[in-house]
Amino acid sequence: MSIEVDSKNTLKSDRMAFVLGYTGETGKALVKELSRRKVFKKVMLIGRREVQFEKDLGPEFEQKVVDFDHLNDYKHEFQDLDTGFSCIGTSKAKSGGKAGFIKVDHDYVVNAAAMAKSVGCKHFLVVSSYGANKDSSFLYIKTKGEVEEDLKSINFDNLSIFRPGMLLCDRVERRPIEACIRCCWKPMPQWFVKEGAINTDNLAAAMVNKALNPSFEKVENIENKQIYELI
């Protein structure tokens, strides 16, 4: 199903969406893109804390603070939101170790997705990772792979799994190793960059475009190079 938008990019849909992880770099880029495009009647920003945005997003946006450890208490916040975006992601250091990382990157995503599906979500779009594999010995890759498998079992009408490589952005959070790697990507030719890295603004644009034009396939894995094709 697609959403019709006229040449002035004005809204022509009654569809409603929610965004998880809207305070991270990809999430902020996604919110900016949704605000610019204005293709959903309502966009619910669901997170653990309320944030102040530099610019007014528009009347269709609403922030809802929830406790992801007691998500059943907030089932009504997901009611009738037919499209879900998840940009949730953290690090072991920020989340307090392995258990905290798994709780945020796996449990929060999967539990919220299942909750949304139970009250009307039909299309779920999630940011995973290049190389995600549930059988990997590396925690990050393994966790992302387990998230993908668990989301498949929820049985959405459409599940779009984005597998970006290195995310090119200026993080507020200090990650020195990532910063060094991003600097190495900058002088690389574009054809090389497309194989393993993407700007968060481009990733956000691709997610919105996929939401407007979902695949005929029930589950779609979108690798880094394919993300560029959606822009």
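Let me start at Ser-129, which sits in the loop between β5 and α4 (139-154). This is a predicted model, so everything I say is read from predicted coordinates. Is Ser-129 buried or exposed? Its relative accessibility is 8%, so Ser-129 counts as buried. Setting aside residues up to four places away in sequence, Ser-129 touches Tyr-140, Ile-141, Lys-144, Phe-162, Arg-163 and Pro-164.

β4 and β5 run parallel and are joined by four bridges. Within that pairing, Ser-86 stands opposite Val-126 in β5. β4 also pairs with β1, again in the parallel sense and over four bridges. There, Ala-17 is the residue opposite Thr-83 in β4. Both faces of β4 are covered: Thr-83 and Phe-85 are buried on one side, Gly-84 and Ser-86 on the other.

In soluble globular proteins, nonpolar side chains tend to be buried together. Here the largest nonpolar core has 31 residues, and Leu-30, Leu-34, Phe-85 and Met-207 touch the most other members. The elements giving two or more residues to this core are β1 (16-20), α1, β2, β5 (123-127), α7 (200-212) and α8 (224-228). The largest share, seven residues, comes from α7. Take Leu-34 as an example: leaving aside neighbours within four places in sequence, Leu-34 is in contact with Val-19, Phe-40, Val-43, Phe-61, Phe-85 and Val-208. Apart from this core lies another, of 29 residues, including Ile-46, Phe-68, Val-126 and Phe-156.

Next, charges. Side chains of opposite charge can pair when their charged atoms come close. The structure holds 15 salt bridges. One of them joins Lys-32 to Asp-201, with the closest N and O atoms 3.5 Å apart. This pair links distant parts of the chain, with Lys-32 in helix α1 and Asp-201 in helix α7, 169 residues apart. Lys-32 is exposed, at 51% relative accessible area, while Asp-201 is partly exposed at 34%.

Arg-37 and Glu-33 meet at 3.0 Å, N to O. They are four residues apart in the helix, about one turn, and both are buried. Glu-33, Arg-36 and Arg-37 are linked in a network of salt bridges.

Lys-142 is partly exposed at 31%, and Glu-146 is partly exposed at 27%.

Last, two backbone details. α1 is followed by Lys-38, whose phi is positive, near 50°. Lys-38 lies in the loop between α1 and β2 (42-47), and it is partly exposed at 33%. Asp-80 also has a positive phi, about 65°, although it is not a glycine. Asp-80 lies in the loop between β3 (61-65) and β4 (83-86), and at 46% it counts as partly exposed.

Conventions:
Residues numbered from 1 in each chain as written. Predicted model: local features only at pLDDT ≥ 70, side-chain atom pairs only at ≥ 80, totals over all residues. Heavy atoms only, no water. Buried < 20%, exposed > 50% of the residue type's maximum accessible area, 1.4 Å probe, protein only. Core = buried A, V, L, I, M, F, W, Y, C linked by side-chain atoms within 4.5 Å. Contact = heavy atoms within 4.5 Å. Pairing = 2+ DSSP bridges. Salt bridge = Lys/Arg side-chain N within 4 Å of Asp/Glu carboxyl O.
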